[in-house]
Amino acid sequence: MAHAVVIGAGIGGLTAALALARKDWSVTVLEQAASIEPVGAGLAVAPNALRALDVIGVGDEVRRLAAIQGQSGIRVPDGRWLSRITAEDAAARYGDPIVLLTRSALVGILAGRLPQGALRVDTRVESVDPATGRVTVPGAETIEADLVVAADGIRSRTRSALFPGHPAPVYAGVTSWRAIVPLPGVTGASETWGRGLIFGVMPLAGGRVYCYATAAVPAGLRAADERDELLRLFGRWHDPIPALLDAADPAAVLRHDIHSLDAPLPAFHAGRVALMGDAAHPMTPNLGQGACQAMEDAVVLAERVSPRGDLAAGLAVYSRERLARTTPIVRRSRAIGRLTRWRNPPAVALRDGAMRAAGRFGPGVALRQGDQIFAWSP
């Protein structure tokens, strides 16, 4: 049986492993961390990603975790809406909801379906030979693979080795905070835009809320207490933001600078190695498509590379399809990210006025903006 080695046990890597196993590949997943418990953050699984998960048989299990109800959209700090839709509007247009859940919940669903013995944790990949598929891990151990799938994240060592002269991901101009907060009764997802600031509220099942925020600041800044920093920036914004920050555990607030790969790679493969997810096309979170595109990558890759077919031809098709799909999404997300960094009052007023004017035409205008992304099917 042909053997595939997947580097990285994140959402993309696990989806790839399951998709390949369903196509009769023998699969080994190598994860350098001691466990695959992800950090405490939320995740939006959009309709396009739900259809990717259908391919590996877990779409309906994820759909059952949907928690969005009521109005959703973009607001300003005093609580007024710039644009809004309902979860029912979105589901009617795309045939599926946007499901909000924790990353750990999705990782648990995916990992629980791996073939017995497929996952090796605490195993760092030291090198990959794209010509032979040989993977080297500590102790001078080598693993022979017919296919290597690099799902090793935004700082992918595999990407750097395959394309050493390509520009690395760059700081997108904003830092981000994330936290999951226990606060029952919050309904409706919203993202509030201020001057160089964003705060997102995403209800989860079980009375919890996923909160995220961004601020346009220089890279590398950190606060002694990140929750206090959030209270300083957002504590006077509309409800339920102050209550969420009051209920947040300071130790559970995560902060990371955001990076994006502005120059697309020439290909998502070299030799026997395929790149996917953040290893291939790291993007800003403004469209909520980072993990969704990784799930798309995974099922397309498994469809294109047959364990009994022409691997080189299959990888070339995968590269062409996924470059054409992901490049405009990366660019569009980056462009939206730039809008969120605006601080100049007249510019912010112009931006907000344009969104408010578009919102007056009804939810169809806002929903149409997602057609090219959400309508995708494998």
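Analyst: Buried means under 20% relative accessible area, with exposed over 50% and partly exposed in between (1.4 Å probe, protein chains only). Both Tyr-210 and Tyr-212 are buried, so each falls under that 20% limit. The model is predicted: local features need pLDDT of at least 70, side-chain atom pairs count only at pLDDT 80 or more, and totals for chains, interfaces and linings use all residues. Numbering runs from 1 along each chain as its sequence is written, and side-chain values use heavy atoms, without hydrogens and water.

User: What makes Tyr-94 and Phe-374 an aromatic pair, and why is the pair called edge-to-face?

Analyst: Phe, Tyr and Trp rings (six-membered for Trp) pair if their centres lie within 6.5 Å; planes under 30 degrees apart are stacked, over 60 edge-to-face, the rest tilted. Tyr-94 and Phe-374 lie 5.2 Å centre to centre, with 80 degrees between the planes. The structure holds four aromatic pairs.

User: How do you know that this pair links distant parts of the chain?

Analyst: Tyr-94 is in helix α4 (87-94) and Phe-374 in helix α13 (371-374), 280 residues apart. Helices are DSSP runs (H or I) of at least four residues, and strands (E) of at least two, numbered from the N terminus. Both Tyr-94 and Phe-374 are buried.

User: How do you know that the charged end of Arg-75 sits over the ring of Trp-81?

Analyst: The charged end of Arg-75 is 4.5 Å from the ring centre of Trp-81. The rule asks for NZ of Lys or CZ of Arg within 6 Å of the ring centre and within 35 degrees of the ring normal.

User: What makes β11 and β18 paired strands?

Analyst: DSSP must find at least two bridges between two strands. β11 (147-150) and β18 (273-275) have three, in the parallel sense, so the pairing counts. Ala-150 has Leu-275 in β18 as its bridge partner.

User: Why are β7 and β17 called edge strands?

Analyst: The open, mixed sheet of six strands runs β7-β2-β1-β11-β18-β17. β7 (119-120) and β17 (269-270) each have a single partner strand, so one side of each lacks a neighbour in the sheet.
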